[in-house]
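Subject: Structure for you to look at

Hi there,

Here is the structure I promised to pass on, with my notes below it.

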Amino acid sequence: MAAQGATATRSGLRSALPLLAPAYLWLTVAIFLPLSAMVFFSFMTELSLSGKPWAFTLGNYAAFFSQSLYLTLLLASLRLGLEVTLWCIVIGYPAAYVLAKVLKGRSREAIFLLVILPFWSNGLVRIFSWAMVLREGGILDTALNAVLPFKINIDLMYSYPAVIIGLVHSYVPYMVLTCYLTLQAIDDSLIEAGRSLGATRLQVLKRIIIPLSMPGLVAGAALIFVPVVGSFMEPRILGGRTGTFYGTVIEDQFVAVFNWPLGAALSFILLAVVLVILAVASPVLRRAA
Amino acid sequence: MATTRILEGLGRLYIWLLLAFLYLPIIIMALMSFNVSPFYQLPFEWTTEWYAALWQNDQLIAATWNSIEIAVITTLICTVLGSAASLALYRYDFRGKKFLQALLFPPIAIPWLITGTAMLIFFFGVGIGRGLFAILLGHVALALPYVIVVVSARLQTFAPELEEAARSLGANQWQVTSRVTLPWIMPGVIAGGLFAFAVSFDQFVVSYFLSTPGQTTLPVEIYAAIRKGFTPEINAVSTIIIVVSMALMLLTARFFKFGGEK
């Protein structure tokens, strides 16, 4: 390995460049330049390509800070992200623990695959599938009324809980995956040692298992929180009129109101918030890696 | 140790409850696509008329072909460019390599809403505009980092002595790469390619901002249909999509897993 390293350094960038250039050029054109352009556009009064005269302005950012609507919606989206993340931890962490420490061999492999599988299938379609379950006269309504002796109406469709359910369903596999990876790495003998020294199950959980699996929890939380704060399709489909969030307002600027500079400013503010959150989470993540 | 056994039993039960939560809505949607009532009324009566109706829906069929075409081209471009970049990152050491590797994470970590709107603004500004070409540009960029990460992971299991041996036996650089290195990383390349296909085929957000009425992909078309109102036709096409993408992922898991063990 050391000899390989030495020859590698000598050949260096010149040999690597032809292999690297196409991929990184593509990423530059389709990701990094657009992100920079977005920042630029967010300081404009008009789209320069529409032919109208334009000038630099801070107005788009002033709009964010002067109209409480945008700030309120951003806070609503952050709260949505927090709630979904917490539910994913509550539901996903125990599942990851069972997968890592209780199940063995083939059944573990099969169930792990089954948990991860939906998360690689179409997110839009999975959100849509909840419409059939949650609406009045839907499956949940029918099933509960068939079992319960009294008549109740379950119509969760187009409500805040519907948005939460749909998002938790979409993102909980992330949490299971990241927690499973860190839980699996915990040596069983540590747990046994703790138990034989007289610690209760709860103490072992609090003092050994949770601290050691913290990087997985944080990674999962970051992976879930960030996209949920920027979600717009899920609130639109499951939230109906109650589903107005920061993401849906950005969507509107681009597809309905056509105020692109304002949309760019709102997007950039979201990006800044997201980067701050990732930066806060990164020390814990780096410790894990 | 009776408590342990009870707790383990509860744990197993819990996992099955989670699986039920994950799969029930999908199964119900699939069942409803075979139900006669267009308003999802029970009792259930079997029909395939909604699937038959799909064949008459030219708009959906056109969007499906667009989706498949874009996903296939994205897969081809990403596997070639991604494998080349992974090889370079594995073989050579140079200043700024860490930085280049770190650059792979923003496309994965930044919400697609931000990336998608940024692409819309930029592509409009430079004259590429919207449409299928813009969607392809975006999909390749979104899928590339995944391919590089997956192929690089496979390369970690590669023994550099093999390349040395081939070289000392007189093979030139091209022969070493094509006869020794590539066959070894092939499972990673195939898994990366399947990932790329899945990322592109299931991509909604970025396609949504970059599409025009005539030039859309299947998820964008489905979103438009859902917002107009639910129909069993959407269930039928959604069921097809979910079966296709799950089958793809099972295939990927097979290559990635068994590839990694060999």
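Leu238(A) touches Ile127(A), Trp130(A), Ala162(A), Val163(A), Gly166(A) and Gly243(A), leaving out residues up to four places away in sequence; two residues are in contact if their C-beta atoms, placed from the backbone, lie within 7 Å. This is a predicted model, in which local features need pLDDT of at least 70 and side-chain atom pairs count only at pLDDT 80 or more, while totals for chains, interfaces and linings use all residues. Residues are numbered from 1 along each chain as its sequence is written, and chains are lettered from A and ligands numbered from 1 in the order in which they are written.

Back to Leu238(A), which sits in helix 11 (residues 233–239) of chain A. Helices (H or I, at least four residues) and strands (E, at least two) are DSSP runs, numbered from the N terminus. Is Leu238(A) buried or exposed? Leu238(A) counts as buried because 26 C-beta neighbours lie inside 10 Å; the cut-offs are 20 or more other C-beta atoms within 10 Å for buried, 12 or fewer for exposed, and in between for partly exposed, with C-beta atoms placed from the backbone. Its C-alpha atom is separated by 16 Å from that of Ala76(A), 162 residues apart along the chain.

Asp141(A), in helix 6 (residues 139–147) of chain A, is partly exposed, with 19 other C-beta atoms within 10 Å. Leaving aside neighbours within four places in sequence, Asp141(A) is in contact with Glu136(A), Asn153(A) and Ile154(A). Between the C-alpha atoms of Asp141(A) and Ser36(A), 105 residues apart along the chain, the separation is 49 Å.

Now to where the two chains meet. In total, 69 residues of chain B are in contact with 70 residues of chain A. On the chain B side, helix 1 gives the most, with 14 residues. That side divides into 56 nonpolar, 8 polar and 5 charged residues, where Ala, Val, Leu, Ile, Met, Phe, Trp, Tyr, Cys and Pro count as nonpolar, Asp, Glu, Lys and Arg as charged, and the others, Gly among them, as polar.

Helix 1 (residues 2–32) of chain B and helix 5 (residues 123–134) of chain A have axes that come within 8 Å and cross at roughly 75 degrees. Axes are lines fitted to C-alpha atoms, for helices over the stretch in contact, and angles run from 0 to 180 degrees between N-to-C directions. The two helices are therefore roughly perpendicular to each other; angles under 35 degrees count as roughly parallel, over 145 as roughly antiparallel, 65 to 115 as roughly perpendicular and the rest as oblique. Among the residues that meet here are Arg126(A) and Trp130(A) from helix 5 of chain A, and Pro25(B) and Met29(B) from helix 1 of chain B. By class, this contact has 8 nonpolar, 1 polar and 1 charged residues.

Helix 3 (residues 68–102) of chain A also meets helix 1 of chain B: the axes come within 9 Å and cross at roughly 125 degrees, so the pair is oblique. Residues in this contact include Ile91(A) and Leu99(A) from helix 3 of chain A, with Glu8(B) and Tyr14(B) from helix 1 of chain B. This contact has 9 nonpolar, 1 polar and 2 charged residues.

Best wishes
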